[in-house]
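Hello,

Please find the structure below, followed by notes on what was found in it.

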Amino acid sequence: MNPATMCCTLSFPPSFLLLRSRHRAKTRIHGLSLRTIMSTTHPHPSRPTPLPSPDPDSLAAVLKYHNQTKHSLTRYAKGPHGLDWANQPNAFRRYLSAPLVPLLHLPPTRDDPPYPAIFRGLPQPAPLSKPSISQLFYDSLALSAWKTTGFSTWSLRANPSSGNLHPTESYLISGPVAGLADGPFVAHYAPKEHALEVRADVPAFLWDRLRPGLPEGSFFIGLTSIFWREAWKYGERAFRYCNHDVGHAIAAVTMAAASLGWDTRLVDGLGHRELEALLGTRPPPSEEKGPLRADFARGKFQELEREHPDCLILVFPSGSGEFAVNFGELSAAAAEFSGLEWKGTANSLSKEHVYWDIIYKTAEVVEKPSGINGEQLHIQAFSGLPVFSESAYLKGVSAREIARKRRSAVDMDGVHVMNREVFYQVLLHCLPSPQGSGRGQQTLPFRVLPWDSQLHMALFVHRIAGLPQGLYFLVRNGEHFDRLKQGMRTEFEWAKPEGCPADLPLYRLAKGNCCELAKRVSCHQDIAGDGCFSLGMVAHFQPTLRDKHVWMYPRLFWESGVLSQVLYLEAHAVGISATGIGCYFDDAVHEILGLRGSEFQSLYHFTVGAPVLDKRIMNLPAYPGPAIDA
């Protein structure tokens, strides 16, 4: 079959025709009409009565946000009607008057570990020093290039971001670092300068109280979000995208640390207030303001530029063995950081703002309170993943090179065909534990997350040599398999594809050309059907929020960001490209799968394929860059 003609026109049910032209062809998926899939009532077996929610008001508020911010075939979530370019937020936060400490620019070398190798085991840990800290940030959160065309110039970073708006800020909390600092400190990372802004000096006794039981050479990376940066373009849906980006950053830091022989773990036992204190983002009482009294407002709202503390990542030498972290002691030490002398004043990002009330109300509802996880931090043993096809990857390419060269494709050629063995190898690296057992997340980079995986992958297979086109499903947590199979369409095959490794829990649901279907459910974007495959990330949703509490809502998006970062790296490591797709019709995806209610929800889309490069755009080096804030 000519791959250029593989994506034929499909017919769609009336609901799909509300926004696009009418297609009447009668393409079928394995004997089941796509028109039937999208229009028939799906029978469900009886389900057990859900457990009562411990906090019904909070759960209701989160579900309200999630449902209100869904795109559908008949309406899009609320957002600005146009882009206010005069008030586009500055992409670079700076703390004016804070001491600026330049980091080293250390490009990849031949001695760096090969990309596939770090999934099997981490190298010997590097010493904590100025060069190693410089490399960590350079490979994870630094600028990776500048682009220019005509009168427009903009920067790219190693960590991807929705709309390239970069709401995520990062911090280093560490003891003394050779060549960098003589004593403990908190610093904000400035990616444009590739430098650290020292925000506070930490007394040695307080640092000692923060790190009892931690291996020598351990430190913390903190992440925050500025919701306004995403809300400027995306309106109410911005809270979703900010948390996608937190997940991208978590994975980027974890992968960069792996090349240095460092392991990572999310310190998820701290509450919102402790994170504010640790990172210096808590406003003084004189500047605290209550929420605005409007669902939507436009004006000068400087408080919208504050940073929302998201998470704290522990970075420590691999092979450190078992160690314990008492969250009670850690919480008490963190609270004392609010009394430090904080240096620098945050720069202004926009002259005027738009206030989307539901973003800030939802963020407040899902804040994790203090003292929830009194247990000690548990470090999972590192589990290497089996290599199905070593030849799938570009020869001799290091993990650092892949991280620095990662880009988001804006178009795909609709021609490139991926080998089946490469496809299987990519999916193997998407598993959070061997065979997707569900018993903790043990593989790189998912091991940074302290909860069992809650995400699965519904795959639209378009151009995989030796694999029929159709709808496939990767079960990433085997404990959800029965609920998924019961909840989805009874017509689905649930058949293992030909040649699929025994330890890859991939299933074919239905055969057929899904190119147009993938495009339609991804807001009519061609890129979803023009690659080798695309996918929707399906989360175990309401039961997770009910049983593990509503602060899991942003964390589900973090997990989707971590998974998508792996897909980005895998695509580049096999010689093609990829891009995340935040715009999709949520419930149309559920309808295709036959999912009802909120037990499972689609949280993110993604596509992998050969990119079409725009030759009008010129590439410029990341450093030194032009003197603009873009």
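Helix α5 passes helix α6 in a right-handed crossing; a crossing is right-handed if the near helix is turned clockwise from the far one by less than a right angle, and left-handed if anticlockwise. Helices here are DSSP runs of H or I with at least four residues, strands are runs of E with at least two, and both are numbered from the N terminus. This is a predicted model, in which local features need pLDDT of at least 70 and side-chain atom pairs count only at pLDDT 80 or more, while totals for chains, interfaces and linings use all residues. Residues are numbered from 1 along each chain as its sequence is written, and side-chain values use heavy atoms, with hydrogens and water left out.

α5 covers residues 227-234 and α6 residues 238-259; they pack at an angle of about 130°, with their axes 8 Å apart. Axes are lines fitted to C-alpha atoms, for helices over the stretch in contact, and angles run from 0 to 180 degrees between N-to-C directions. The pair is therefore oblique, the class left over once angles under 35 degrees count as roughly parallel, over 145 as roughly antiparallel and 65 to 115 as roughly perpendicular. On the α5 side the contact (heavy atoms within 4.5 Å) is made by F227, E230, A231 and Y234, and on the α6 side by A238, F239, Y241, C242 and D245. By class, this contact has seven nonpolar, no polar and two charged residues. Nonpolar means Ala, Val, Leu, Ile, Met, Phe, Trp, Tyr, Cys and Pro, charged means Asp, Glu, Lys and Arg, and the others, Gly among them, are polar.

α6 also packs with α3: the axes come within 8 Å and cross at roughly 135°, so α3 and α6 are oblique to each other. This crossing is right-handed. Q135, L136, D139 and S140 of α3 meet A252, V253, A256, A257 and S259 of α6, a contact with five nonpolar, three polar and one charged residues. α3 (residues 130-140) is mostly covered, with nine of its 11 residues buried. Buried means under 20% relative accessible area, exposed over 50% and partly exposed in between, with a 1.4 Å probe and protein chains only.

The loop position is F446, between α11 (420-428) and β17 (455-461). F446 counts as buried because its relative accessibility is 0%. F446 and V566 are 120 residues apart in sequence and 9.3 Å apart in space, C-alpha to C-alpha.

Regards
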